[in-house]
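Welcome! The report below walks through some of its parts.

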Amino acid sequence: MELLKFITCGSVDDGKSTLIGHILYDAKLLYADQEQALILDSRVGSRGGAIDYSLLLDGLTAEREQGITIDVAYRYFTTDRRSFIVADTPGHEEYTRNMAVGASFADLAVILVDATRGVLAQTKRHARICALMGIEHFAFAVNKMDLTGYSEASFRDISKQIAALSDELRLSEKVIIPVSATEGDNVTKLGGNMPWYTGKALLDFLETAEIRAAAEQGFVMPVQRVCRPDHTFRGFQGQIEAGGVAVGDEITANPSGETAIVKSIHIAELSASEAKPGQPVTIQLDREVDVSRGCVFSRSTELKIAKELAATLLWMDEKSLISGHDYLIKLGTRLLPAVVAGIRDKVDVNTGEELPADFVGKNDIVRCTLVLSEPAVLDEFRLHKTLGAFILIDRVSHATAACGVVEKAVSPADQSKRQYPDSFDIPIDRGFLHIRDGKAAGFGARDESLPVHPLGGEEGNGFRLLCLWEKDAEVEYAI
Amino acid sequence: MPFTHLDKLEAEAIYIFREVAAECERPVMLYSIGKDSSVMLHLALKAFYPEKPPFPFLHIDTGWKFQEMTAFRDKRAAELGVNMLVYRNEKAISEGINPFDHGAAYTDILKTQALKAALEQYGFTAAFGGGRRDEEKSRAKERIFSFRNERHAWDPKNQRPEMWKLYNTKINKGESIRVFPISNWTEKDVWQYIARESIPIVPLYFAAERPVVCRDGNIIMADDDRMRFLPGEKPAVKKVRFRTLGCYPLTGGVESEADTLEAVIAETLSAATSERTSRVIDNEAAGSMERRKREGYF
């Protein structure tokens, strides 16, 4: 049977947990003792004795006490047509990063909109994050239709707001369904209260939505580990992220660029002649090549090998982002130091406008440049998801500080398109900084070379560099 | 052959096993002998084939497990040639701590405390467990890589974001990670996978005639002569099986005729109660599992 992973999101009190609770309850997908616990819990819950469906999902004590969802909950159910995993996510802005966790996991998003309030800033934030995380299928559930008297006019009105949002985010596929999660209209079956609605009930939509497997170009497999049980066997283990591979294929090991022929394939423990996307494999090659964890096998596709990249980040740490600060980046199966070398702008979640990024805190979406400690194999997120998604890890607390996607790899050719001379001197407060051959060479007693990063795009003639001798401060110069 | 939802779940688990082996300093797999552990062991063997799993297995033995469980554990470890460590809180056992007299304290001392002591003794930094999110409401909220502070405590209000499959395995000294590769499996998935892969499981899962008593709606098996009977209570022989395994005085069975895997699966699929109801310690106040996890329970 097919598996669909989806999330429910939207602003606080739009009824996400209630909606999923209702699906589980209506579709008789609850075990009897969970049902018992639900009825018991409701007596102390907030709906005064009526079943409070949200108690099914809000599993933490703090959540039940406060009547809110703090963290994402995963629930599992199966209908005659599909198996489902649903990630029910929190609506509070405070817990946006937990919502993003759910979004990164899902193939489809159900975004709730309160019919009495319309599209809110938090609705837009969530839709934006879903799009950022790569979700391509959207269902907007306009909830609490009962409170509008099942008004078609207010549904049409909100549909217009949703269409505008969808256009702005270039959402590829969306449906809009009017529902009442507490009363059950159009949740698991069409209700008689909205005869003007001619589409599907939400569950019907979820059961039949066609999820295309991401058609990514060529064959891609990041190496997770080298398997060497004895001197006779050296295999490379990983999951195939795109395309297929067969014994006899010539593949490229990146970043070395060496090529070799596939000698054997194991899918888990079974020997096979070929393997498909998603399968866990062990691949042996016909010759010795320089391959370790973090390398990527490819065929019939051009991956990038770059040290610098333009990215969009969702900042998730309590500590704010500091330009010039260095983090660990995990990209595919590679873990290496990286510096946030420049923050371009911050995205206004409400309007999508670019704002100056003088301060970047938790839940902000920013565009920036990252510089890696050495070249790594990567690609744009839209081309190869697993080679274009990454997290940043704080080097002291080890918190997952941010997640992000690669918008563009800056090739060495772009880096050389500097619009300032290769050698010149910059006056700074203690004398001159000498730039020689595009590198900052020596200041005072320190005599070391530092990389210089050109400011991209319209900012034109300028560059920034890490002024390592002044407490990791970053300095920017316009010429 | 189509890539089914079981294939997806298997691939996800194997990916996680390999990530931990590659990035974590001293991993271990917690082995509880139950069906989920059997699936976990099977997945670990697959993930690293033709290499043996590059970490040891650890069983926390309370001394009150069903006899068939310990026999099964020793037989499997010998057959597969894996390194099976068995840890017992010998001090508490010699002091006579037992499930009849000591209730919740028993679980804490012989399971939770013993687990913490074992992890510290060996210096393990990452421990695989067979926990699933469909088991209980607070588990449904837990990350696959679940971070523990130096006191082994879980902080449910401040979990690390877990994005895509980019697991953050970085920890400071004294901290550790619990890893749940089959988080996204349901009880049904586990049974279907056991059938598909012909995975050996403890015979207690199949219905057989066993000496049992009924207490507070639970069917308890008199597995050895340490069993304590209430006044007037006598074991009766009934055809029962167990949906979950643990310490025999604390594990409730169900009356059943299902003595084959097919029959067990058929019964499970039509079951009207979720499996943890037969585990006596879970039936406390709402939030009991969460509380115990915050205190360092697995």
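In chain A, helix α5(A) passes helix α6(A) in a right-handed crossing. This is a predicted model. The two helices, α5 at residues 121–132 and α6 at residues 152–169, pack at an angle of about 35 degrees, and their axes lie 11 Å apart.

Where they touch, A:Lys124, A:Ala127 and A:Arg128 of α5(A) meet A:Leu165, A:Glu168 and A:Leu169 of α6(A). The residues of this contact divide into three nonpolar, three charged and no polar.

## A buried threonine

A:Thr96 belongs to helix α4 of chain A, which covers residues 96–105. Is A:Thr96 buried or exposed? It counts as buried, because its relative accessibility is 0%, and the cut-off for buried is under 20%.

Leaving aside neighbours within four places in sequence, A:Thr96 is in contact with A:Gln122, A:Arg125, A:Ile129 and A:Asn363.

## Chain A as a whole

Stepping back, chain A contains nine helices and 30 strands. Of its 479 residues, 58% are buried.

Among the contacts in chain A with a separation of 6 or more, 64% are between residues 24 or more positions apart.

Over in chain B, helix α1 takes in residues 5–23. Its 19 residues reach 27 Å from the first C-alpha to the last, close to the 27 Å expected at 1.5 Å a residue. Helix α1(B) is mostly covered, with 15 of its 19 residues buried.

Helix α2 of chain B, residues 35–48, has 14 residues and reaches 21 Å between its first and last C-alpha, close to an expected 20 Å. How many residues of α2(B) are buried? The count is 13 of 14, so this helix too is mostly covered.

Most peptide bonds are trans, and most residues other than glycine have a negative phi. Here are some places to look for something else.

A cis peptide bond joins A:Asn254 and A:Pro255, with omega about 10 degrees; A:Pro255 sits in the loop between β11 and β12 of chain A. Another cis bond runs from B:Tyr49 to B:Pro50, with omega near 5 degrees, and B:Pro50 is in the loop between α2 and β2 of chain B.

B:His152 has a positive phi of about 65 degrees although it is not a glycine. B:His152 lies in the loop between β5 and β6 of chain B, and it counts as buried because its relative accessibility is 5%. B:Trp164, in the loop between β5 and β6 of chain B, has a positive phi of about 45 degrees.

Definitions and conventions
Residues numbered from 1 in each chain as written. Chains lettered and ligands numbered in written order. Predicted model: local features only at pLDDT ≥ 70, side-chain atom pairs only at ≥ 80, totals over all residues. Heavy atoms only, no water. Helix = DSSP H or I, 4+ residues; strand = E, 2+ residues; numbered from the N terminus. Expected span 1.5 Å × (residues − 1). Buried < 20%, exposed > 50% of the residue type's maximum accessible area, 1.4 Å probe, protein only. Axes fitted to C-alpha atoms, helices over the stretch in contact; angles between N-to-C directions. Left-handed = near helix turned anticlockwise from the far one by under 90°. Contact = heavy atoms within 4.5 Å. Nonpolar A, V, L, I, M, F, W, Y, C, P; charged D, E, K, R; others polar.
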